[in-house]
Amino acid sequence: MSRPIVFKFLVCYYLLTFIGDGFFASPWEAGLRYGQGFRVPGRFDSDLRGFSTSFNPLVFSDVELNGGNTTSTYEGLARYFLDSNSKIGIIIGRQDLSKLALTEVSSDFYLTKLQNEIYSYHVFGTYHFVTNLSRGWEWENGLGMVFVSADRQIRGYSGGGESNNQSFFQQRGNLRGNGLGYRAESNINKMLGDNNVFQIGVGYHHIAIASFSGNYNGETSSFYLGSGGKVGVFDDSKVFDANVSTSQFLRKLDMNSGSWNLYFSVMHRFLD
């Protein structure tokens, strides 16, 4: 788990401990979670397959995407029992997407390779309903709404051209975006003694990032989707000029992404 997440969780933990004699007079729990999963391909992937280093209608591109299929999730959580079967809480965490590799070969003899690393940070408000089974087993189902901030790091190169006019460029980008999301999950809990809980569960985690913007090759830029279906990187201050020169309407490329995850959690319950 990254240091920022640990720090945020510890702040949350000690704050809840400090006020435990008041609001948390009823039972509450705090714990850590790790998850592994796979991302469901969607519109974000199909849009990226339209990537092109040139919006010239006479230039055609063949794009291949590889990776970006698995996720790793790290979270800290704290939850307050409304009654014996219901609880509300907060989850603070991070989800890492495996490297997404993009390769473009264009008809004007250029080759572009980009490695995308996407990390999303989230804060959930959650509600869970618990069904007591037997012998210390519980079945727990819940929903959560989330605020998301995501970082997208891009590293790669682009090179080629006619034999008498070849060029090579490093490609470097550090972009950021914000958005919303939700999660639905179902878990099985096993009590370990009176206060400790081991949990295993599955959940669907969905995020919607409106756009990614930031420094790309030294300029404040974003990924844009043209009305003709091509995706490219443009300097934000020159988008109007790009609209005119390409004869297309450009909008910032969004990211809607969902993943199925298997979670493992350990929690401690603070009882009356």
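Where is the place of Arg-135? A few notes on this predicted model, starting with that residue.

1. **Arg-135.** You'll find Arg-135 in the loop between strand 5 and strand 6 (137–160). What makes it worth a look is the backbone: Arg-135 is not a glycine, yet its phi is positive, at about 55°. With a relative accessibility of 79%, Arg-135 is exposed, because anything over 50% gets that label.

2. **Phe-109.** Here is another non-glycine with a positive phi: Phe-109, at about 70°. Look for Phe-109 in the loop that runs between strand 4 (86–106) and strand 5 (110–132). Its relative accessible area is 53%, so Phe-109 is classed as exposed.

3. The average pLDDT for the protein is 88, and 90% of the residues reach at least 70.

4. **Ser-72.** Is Ser-72 buried or exposed? Ser-72 is buried: its relative accessible area is 15%, and the cut-off for buried is under 20%. This serine belongs to strand 3 (residues 70–81). Its side chain makes a polar contact with the side chain of Gln-36, at 2.8 Å. Leaving aside residues up to four places away in sequence, Ser-72 touches Tyr-34, Gly-35 and Gln-36, and also Arg-94, Gln-95 and Asp-96.

5. **The hairpin of strands 10 and 11.** Strand 10 (residues 219–226) pairs with strand 11 in the antiparallel sense, over 5 bridges. Within that pairing, Leu-225 stands opposite Val-231 of strand 11. The hairpin has 4 residues between its strands, and Gly-229 takes a positive phi near 100° there. Why call strand 11 (residues 231–235) largely enclosed by the rest of the structure? Because 4 of its 5 residues are buried.

6. **The largest pocket.** Strand 11 turns up again here. The largest pocket has a volume of about 440 Å³. It is lined by 21 residues, and those closest to the pocket centre are Ser-52, Thr-53, Ser-54, Gln-171 and Val-233. Two or more lining residues come from each of strand 5, strand 7 (167–192), strand 10 and strand 11. Strand 11 gives the largest share of this lining, 4 residues.

7. **The cavity.** How many cavities of 30 Å³ or more does the structure hold? There is 1. The largest cavity contains about 110 Å³ of space, and 13 residues line it. Lying nearest the cavity centre are Gln-95, Leu-97, Ile-207, Met-255 and Ser-257. Gln-95 is also one of the residues that Ser-72 touches. At least two lining residues each are supplied by strand 4, strand 5, strand 8 and strand 13 (255–270). Which strand provides the largest share of the cavity lining? That is strand 13, with 4 residues.

Notes
Residues numbered from 1 in each chain as written. Predicted model: local features only at pLDDT ≥ 70, side-chain atom pairs only at ≥ 80, totals over all residues. Heavy atoms only, no water. pLDDT = per-residue confidence, 0-100. Buried < 20%, exposed > 50% of the residue type's maximum accessible area, 1.4 Å probe, protein only. Polar contact = N/O pair within 3.5 Å; in protein donor to acceptor, adjacent residues only side chain to side chain. Contact = heavy atoms within 4.5 Å. Pairing = 2+ DSSP bridges. 1 Å grid on protein atoms, 1.4 Å probe; cavity = no way out; pocket = protein on both sides within 12 Å on 5 of 7 lines; lining within 4 Å. Points joined across faces, edges and corners; volume = space filled by probe spheres on them.
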